[in-house]
Amino acid sequence: MNVPIEPELQNTQVPLEFTDQHESLKILGFWAFLATDFLLFSSLFAVYAVYQSRVGMSGPTPAQLFHLGPVLFETVALLTSSFTCGLAVYEMRHHRLKGTVIWLAVTILLGAAFVATEISEFLGDIALHDTWHHSAFLSAFFTLVGTHGSHVSFGIIWAITLIIQLLGRGLTTITTRKVYMFALYWHFLDIIWVFIFTVVYLSGKII
Amino acid sequence: MSSLLAQLFPPETTRGMELSADVLIVLTSAAIIYVLTRYHKWGHLWREWLTTVDHKKIGIMYLIAAITMLFRGGVDALLMRGQLAVPNNHFLGPLHYDEIFTTHGTIMIFFMSMPFIFAMFNLAIPLMIGARDVAFPRLNAISFWLFAFAAFMFNISFVVGGSPNAGWTSYPPLTELAFNPGVGQNYYLLAIQISGIGSIATGVNFLVTILKMRAPGMTLMRMPMFVWTSLVTSALILFAFPPLTVALAMTMLDRLFGTDFFTITHGGMPMMYVNLFWLFGHPEVYILILPSFGIFSEVVATFSRKRLFGYSTMVWSVITITLLSYGTWVHHFFTMGAGPGVNVFFGISTMLIAIPTGIKIFNWIFTMWGGRVRTPVAMLWALAFIPTFVVGGATGVMLGAVVGDYQFHNSYFLIAHFHNVLIGGTVFGLLAGMYYWWPKTFGFKLDERQGRWFFWLFFIGFWITFMPQYALGFMGMTRRMYTYTTGYGWSLPNLVSTIGAFMMGAGFVVFVYSIVYSYKHGERDLTGDPWDGRTLEWSLPSPPPAYNFARIPVVSDRDAWWEMKQHNQTNVVQLNPNDIQPIEMPKSSSIPFLMGLAFFVGGIGMVFEWWWVAILGALGVVALLIIGSFDYNDHEEIHAETIRHTEASLGRLQG
Ligand SMILES: [Cu+2]
């Protein structure tokens, strides 16, 4: 439903994705979805906070399990990808298709590096028999971090489909809206990761 | 092959009653397939219904599903009441009884009330706010099919694999694999999770629809009350369902993947589930009741021919109830050792809700005061609601008093209380809404005389059923007992209660008969405004055309249509043939139905731990998301000529 919004707005600096009433509706809907996803993570954080110290009979404790090296790498990769995702939107707002696609691709690569590191961390834990079968702490840890990791993986697939659509259709009200929604999602995952980094890893190392 | 059969039909599902249910399901399905094939209706069914994204048709499908589930949940209730009618009865065994009260509660909350509410949302809201559709029509269809396939999945648990048996709340550790083997509990977890995703999507959809799709001039404080309560309900859904999602996911991980969330020996805590569940569960109570409050406001105002009394206090009381509902969840486990301080806090926050609720009841009474009150069936349900809900609210306050709760909890007093509010509030409200909007939806009225029979049988049956249960609570009978012996004085109240339940069942039969009768002989609604209504939906023909409004109305007051009638401006719905513009509408799509199917396949795979089936379902979901994302061709234009023709046939063209 390509209903243009009021003509007096069209001459101002409204981004392309907001010039169509129906596309901007979808952005509002996506904000509502992000609110529920935020509450989903909040519940998982609450579970983790309570279970953090419930390490079962024989451990491991958070301090024994976590290796800050890879976690720092993951953090840098994801924070940088949030920045490159911002650059993609910046290029998009200046109607530069090539820049948009390139920065999206960089975002995907950084996201993939994040996921790969996380998977290798998990595999390392499993090799040492620290699986989620062993204690409530491990169950809560793998569920919280794994939920975030699967969100990032989903975001990577989403971004790939976006690049294909951008290359096929260029920057339209619809494709820019999709990129903008993806960017919201990606920044959201970044914020969740900052919480995970602080609440799970940093406090786990200190306590 | 034989091991597969053993998995699908373990010994506990091959009792006589299940076998007869099996036969019944097979025969019914065969009959439906025969009729559809015989009359070449498959294509029609697929094109007009299964792939539709029209909110009105989706609303009708929700309504049919809700009434079917009311039947299924009602049969469960009658089986239980039949079992408890006399002492020392062994018509149902204890395990079987557990399964029946579990499916009764789960179905009535998740697969009857919720779709019934969504039916009302879909049938009424876009019309009331002067919109052509909801904000996200395809998402709306996806919500429906997630619900429909989840409900189907939950229902087949009765005959394939085994039924859940841990109550509608399904607390661990009873739901842990060690204490509850078999697939029954998996059915519960997956079915509610899938329909929950659909509910969240519906919440998002109607939140945006109501905030952004209102006709010009309809400010927030000019919205009909039902739209207000639906807005608040949508917000509640967004905030209430995520904790449930997590609670169910944790149980599923424990059962299927061996985690330790609730295994005490490894540091897990069942109380975690209880907290998360009720963090969802108490707001859910208001998700169920607030739409009914909205419906009563519409019905009472229309049939009193008066503006709703105290509109702005109504709005604020609804918002207050919403906020307070998050501070009450602990009252569901006062007796589990939280300590007096915590209990008193949650006791007081619970009782505070009585204040805004009381305000609303006075507002309805003052709306009728001095009005010209008519009592068609829709209004009867609204009138019946007031005394019923007052009793239910009073007993709720008794339960909310911490000290009292130590006596009442898990007794029949509690059972009587929540049936009192859920039937007397939610169900009466939904039935009022159904009778009220029925002519708008289908173009004919439900027969009033039969409706009165239904009303009186159900209403009187309701009191006869639940008043003895309050008494049984005081006499010490606890919930979930499958039988009892003589000598406690429980026999007579139980028998009376069962008689009442069968009266309600008889009322339901009259209602179903009345649908069939009215379809053939009922009064057709030719005016579009059979009740002399107040809000915009009554300015449309019944049933409305696919695009609802050929021209979007401009609203200048609350009760917009009533004001237009008062100022003799009803001709604004008449169109000049030359002014008609083409309208863009969303196109039908097979993706929503297939999405439901993919979730169903994945869900069944998880229930039976057939991992390749589960993966197949998950891949299907991802593939459909991608296909949907590449589909840019999701709208089509209705030509001006088609609209002119439609409007002319409805008698809505000038000159
Ligand atoms: Cu409650």
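Tutor: In this predicted model, a nonpolar core is a set of buried Ala, Val, Leu, Ile, Met, Phe, Trp, Tyr and Cys residues joined through side-chain atoms within 4.5 Å. The largest such core has 236 residues, and F141(A), F111(B), W364(B), W381(B) and M434(B) are those with the most contacts inside it.

Student: Which residues is W381(B) in contact with, leaving aside its neighbours within four places in sequence?

Tutor: Among them are F296(B), F428(B), L431(B), Y435(B) and F458(B).

Student: Why is V86(B) called partly exposed?

Tutor: V86(B) has a relative accessible area of 40%, and since buried means under 20% and exposed over 50%, with partly exposed in between, V86(B) is therefore partly exposed. V86(B) lies in the loop between α4 (55–84) and α5 (94–128) of chain B, and together with L492(B), L495(B), V496(B) and I499(B) forms a nonpolar patch on the surface, with about 410 Å² of accessible area.

Student: What is the area buried between chain A and chain B?

Tutor: That area is about 3,200 Å², of which carbon and sulfur atoms give 72%. The contact takes 38 residues from chain A and 36 residues from chain B, while the count of salt bridges between chain A and chain B is zero.

Conventions:
Residues are numbered from 1 along each chain as its sequence is written. Chains are lettered from A and ligands numbered from 1 in the order in which they are written. This is a predicted model: local features need pLDDT of at least 70, side-chain atom pairs count only at pLDDT 80 or more; totals for chains, interfaces and linings use all residues. Side-chain values use heavy atoms; hydrogens and water are left out. Buried means under 20% relative accessible area, exposed over 50%, partly exposed in between (1.4 Å probe, protein chains only). Contact means heavy atoms within 4.5 Å. Patches are made of residues with over 30% relative accessible area and no salt bridge: like charges are joined within 9 Å, nonpolar side chains (Val, Leu, Ile, Met, Phe, Trp, Tyr) within 5 Å. Accessible areas come from the Shrake-Rupley method with a 1.4 Å probe; for residues, only the protein chains shown count as cover. A salt bridge is a side-chain nitrogen of Lys or Arg within 4 Å of a carboxyl oxygen of Asp or Glu. Helices (H or I, at least four residues) and strands (E, at least two) are DSSP runs, numbered from the N terminus. Buried area is the accessible area (1.4 Å probe) that two parts lose on being put together, summed over both.
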